Amino acid sequence: MTVRTILKMGDPRLLRVAEPVREFNTPAMDALIADMFDTMHHANGAGLAAPQIGVNLQLVIFGFKQNQRYPDAPAVPETVLINPVLTPLSDDTEEAFEGCLSVPGLRGSVPRFVRLCYEGVDQHGNPIRREVADFHARVVQHEVDHLLGILYPMRITDFSKFGYTDVMFPDMDPNEDD
Ligand code: NI
């Protein structure tokens, strides 16, 4: 298990459309997923997509009990989501601040669907289907965007709400990596 280097915005590998995963329960996949959890936990992230470590596969992980990058966020179950498909459950959208491990030091307000269904498979190839809302739905949309080559700044509509975390949120823990 290894903490991998997280690619930063500007790296063209973050702009690719990811390929579907076709193999499950292989040593290579198991090692990749273990590395992603090590990398996400090391960076105190709420989620991580395989393209962020340079692996162009439709694989994201997310979840936490308590997250110092998002101290007010409710817990999200630790999840491995592969080959995901998102379906909004209403037209309702909401703006909230997001950060990204590939965009260190910055936060921006991003509109996201409030409620959606996500489907895909877990690391063993077993189907996943969940209907979620609010922060859980936001995290999934952010991570799945990485599989489409989309970083959250590309979703910002009001650039007056985009800036440095330590300026906009001076009370946040300065020891965090973001
Ligand atoms: Ni991100």
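Analyst: Let's start at the nickel ion, which is coordinated by C100 through SG and by H142 and H146 through NE2, at 2.1 to 2.3 Å. Donors here are N, O and S atoms within 2.8 Å of the metal (3.2 Å for Na, K and Ca), and water is not among the atoms, so sites may look incomplete. Along the chain, the donors of the nickel ion follow the spacing C-x41-H-x3-H.

A word on what you're looking at: this is a predicted model, where local features need pLDDT of at least 70 and side-chain atom pairs count only at pLDDT 80 or more, while totals for chains, interfaces and linings use all residues. Residues are numbered from 1 along each chain as its sequence is written, and side-chain values use heavy atoms, with hydrogens and water left out.

H142 and H146 lie 4 residues apart in helix α2 (residues 134-147), so about one helical turn separates them. Helices (H or I, at least four residues) and strands (E, at least two) are DSSP runs, numbered from the N terminus. The background is simple: an α-helix has 3.6 residues a turn, so residues three or four places apart point the same way. Both H142 and H146 are buried, meaning under 20% relative accessible area, whereas exposed is over 50% and partly exposed is in between (1.4 Å probe, protein chains only).

With 14 residues at 1.5 Å a residue, α2 should span 20 Å, and its end C-alpha atoms are 21 Å apart, which agrees. (The expected span is 1.5 Å times one less than the number of residues.) α2 is mostly covered, with 13 of its 14 residues buried. For context, most residues other than glycine have a negative phi. Following α2 comes G149, whose phi is also positive, near 75 degrees.

V140 touches F62, L81, L86 and Y118, leaving aside residues up to four places away in sequence; contact means heavy atoms within 4.5 Å. F64 sits in strand β2 and is buried, with a relative accessible area of 8%.

N83 is partly exposed, with a relative accessible area of 22%, and its phi is near 50 degrees, a positive value in a residue other than glycine.

The buried residues of α1 pack against β1 (47-49), β2 and β3; among them are M29, L32, I33 and M36. Helix α1 (residues 27-42) has 16 residues that should span 22 Å at 1.5 Å a residue, and its end C-alpha atoms are 22 Å apart, which agrees. Just after α1, N44 takes a positive phi of about 55 degrees.

Stepping back, the protein chain has 3 helices and 8 strands, running α-β-β-β-β-β-β-β-α-β-α from the N terminus. Its radius of gyration is 15 Å, close to the 16 Å that the globule rule gives for 178 residues, so the chain is as compact as a globular protein of that length. That radius is taken over C-alpha atoms, and the rule is 2.2 Å times the number of residues to the power 0.38. Of the 178 residues, 52% count as buried. Residues 24 or more positions apart account for 68% of the contacts with a separation of 6 or more.
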